[in-house]
Amino acid sequence: MKFDYDVIIIGSGPAGFSCAMQSSKFDKNVLIVEANTDHLGGTWINTGTVPSKSLREAAKLINRFHSQFADRDGRKPYEKFRMEDLLQYKESILESKNQKVKNDIIKNEIETARGWGKIVDDHTVEVTNQLGESTSYTTENILISTGSSPKEPESFDIDHTHVLDYESVLKLTHIPRRLTIVGAGIISFEYATIFAALGTRVTILTEDTDVLPFLDHEIKEELHKALIRRNIQLVTDVSIDHVSVNKLRTCTEVGYKKNSGDSRLQVTETEHILYVGGNEPNLKNIGIENVDLNVTNDGYLDVDDKFQTNVSSIFAAGDVVGYPSLASASFVQGRLASCNMFGSSTEKLKSSIPYGIYSIPEVSAIGLTEEDAQKQGIDVTVGRAYYNNITQADIANIDEGLLKLVFRTDNLQLLGVHIIGEHAPDLIHLGQSVMSNDGDIRYFFQNVLNYPSFSEAYRIAAFNGVNRVYKAGVKYKKILNDSEA
Ligand SMILES: Cc1cc2nc3c(=O)[nH]c(=O)nc-3n(C[C@H](O)[C@H](O)[C@H](O)COP(=O)(O)OP(=O)(O)OC[C@H]3O[C@@H](n4cnc5c(N)ncnc54)[C@H](O)[C@@H]3O)c2cc1C
């Protein structure tokens, strides 16, 4: 049977984009269907990853300038800088990124159709444009990469004026004096520290008793200290009772109660509330019922390690398939889906992937924490490097940060890297490379690393770790020379 396309991709975020690029490299006819009439790129470019990182960069620059050169007059950053300037910075980056994506799509002869994509059957997608006109296209394969959307809060509404979500926060016209963030996921810490850097007084309210439970305990302690230094109040184990606008006091009130212990109503006055309470997959009205696609208990599309659904011609990647719901992973998932569609690779997504929390300071980690290793009965030793011992951090006037290595005591094999501090999401990749080659921590001092650089932290942490093994009774010569230390 002859189809109109080799693959139709519904959604142009990182999963869809990378699937399209890889498929075009295989000389396949590709159509991307995108519901957003203005921009390609999805949450990645327009409302999530890139805009939040752009605002963060601007806030960091302002904060650094402010604290190093300009705080003698005692004014807060929000008294000197305008939200407009930050938004302009962000907009210029989004424009350029949007243009680059468009150029890549044109260069690779990928076709696009603007409108709502809906699966009609195993090999047909219907696209309905803004005028309500529908066109059906046939295809050998389909990729569902429709992403995810913010969940609605249970006890209040998001009006996008007083109560914002991660999309409307990007449209704030001024830097708020006070901000209350409801929810304590990765994005909460990102926005909390962005606004704190601008002088905003931030409170985070969460029903969780333990935040970011996957973090190494020492990294979490350092993050808590960083929040305290920035005057960010973190209130755990609470339920939101109500949100109301107090016109008299020109503020928004958040009423909340502790879930355990003293359950009296407490009220915080704030300018805005930012709700970041999690996401749900975009699966409504895309026709999955027409082809009986399986979903997981959590409501995500069920795929195998080839990103193939229970219908052999239909693949899915990105946030619609759930964990880890990151742009970083979505790029790889989309590419692998294409490789599997066209039988070009047996590659699989690695189980150990890094994550980055773009708070200020940022956090990144890969592999086992000390606690994980202990639970698995592996005898591990740790090596630490505090940023205040790194020359490049001195030069950059940065004194908060920690890089921690977790490695097997018997042979020094690196099992985990945990970092809080400047450049953590970049630094992690050096550890990732060593780990993916089953390397050991001697790599970091047996090879020349640029100096000064933040990577020096690896060398210091490796020496620190080796010294611990030495103190535990293993001869130094043996540690340095044995292939099995
Ligand atoms: C504030 C924030 C910050 C983030 N920061 C990071 C970060 O620093 N690093 C990181 O790795 N990840 C980050 N993420 C997560 C990342 O943005 C997502 O994991 C990623 O964008 C998911 O990619 P995707 O391809 O699945 O979908 P998306 O990027 O969401 O794209 C889906 C696209 O599908 C389109 N679509 C939906 N339904 C249809 C339909 N029926 N027909 C046609 N088109 C449709 C949508 O319009 C959209 O363009 C962040 C997310 C948020 C919200």
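1. Start with the spacing of two domains. The centres of domain 1 and domain 2, taken over C-alpha atoms, are separated by 28 Å. The protein is divided into domain 1 (5-150 + 280-341), domain 2 (163-277) and domain 3 (361-484). These bounds come from an automatic or database domain assignment.

2. A word on the model and its numbering. This is a predicted model: local features need pLDDT of at least 70, side-chain atom pairs count only at pLDDT 80 or more, and totals for chains, interfaces and linings use all residues. Residues are numbered from 1 along each chain as its sequence is written.

3. Next, the contact between domains 1 and 2. Here 15 residues of domain 1 are in contact with 15 residues of domain 2. Contact means that the C-beta atoms of two residues, placed from the backbone, lie within 7 Å. On the domain 1 side, helix 3 and helix 4 (77-80) are the elements that give two or more residues. Helix 3 gives the most, with eight residues. Helices (H or I, at least four residues) and strands (E, at least two) are DSSP runs, numbered from the N terminus. By type, this side of domain 1 has eight nonpolar, four polar and three charged residues. Ala, Val, Leu, Ile, Met, Phe, Trp, Tyr, Cys and Pro count as nonpolar, Asp, Glu, Lys and Arg as charged, and the others, Gly among them, as polar.

4. Now the ligand. Which residues come nearest to the ligand? Of the 35 residues around it, they are Gly11, Gly13, Gly42, Gly147 and Gly318. A residue counts as near if its C-beta atom, placed from the backbone, lies within 6 Å of the molecule. Several elements each supply at least two residues of this shell, among them helix 1 (14-25), strand 2 (30-34), helix 3 (49-69) and helix 8 (327-341). The shell divides into 13 nonpolar, 19 polar and three charged residues.

5. Look at strand 9 (residues 178-182). Four of its five residues are buried, so the strand is largely enclosed by the rest of the structure. Buried means that 20 or more other C-beta atoms lie within 10 Å of a residue's own; exposed means 12 or fewer, and partly exposed is in between, with C-beta atoms placed from the backbone. Strand 9 runs parallel to strand 10 (residues 201-205), and five bridges join them. Two strands pair if DSSP finds at least two bridges between them. Arginine 178 has arginine 201 in strand 10 as its bridge partner. Strand 15 (residues 272-275) also runs parallel to strand 9, with four bridges. There, valine 182 is partnered by tyrosine 275.

6. Threonine 270 deserves a check. This residue sits in strand 14 (residues 266-270). Is threonine 270 buried or exposed? It is buried, because 23 other C-beta atoms lie within 10 Å. Leaving out residues up to four places away in sequence, threonine 270 touches Arg178, Leu179, Thr180, Cys251, Thr252 and Val254.

7. Last, strand 21 (residues 401-408). Seven of its eight residues are buried, so this strand is largely enclosed by the rest of the structure. Strand 20 (residues 380-386) runs antiparallel to strand 21, joined by seven bridges. Alanine 385 stands opposite leucine 403 in strand 21. Strand 22 (residues 414-421) is also antiparallel to strand 21, with seven bridges. Strands 21 and 22 form a hairpin with five residues between them. In the turn, leucine 412 has a positive phi of about 65 degrees.
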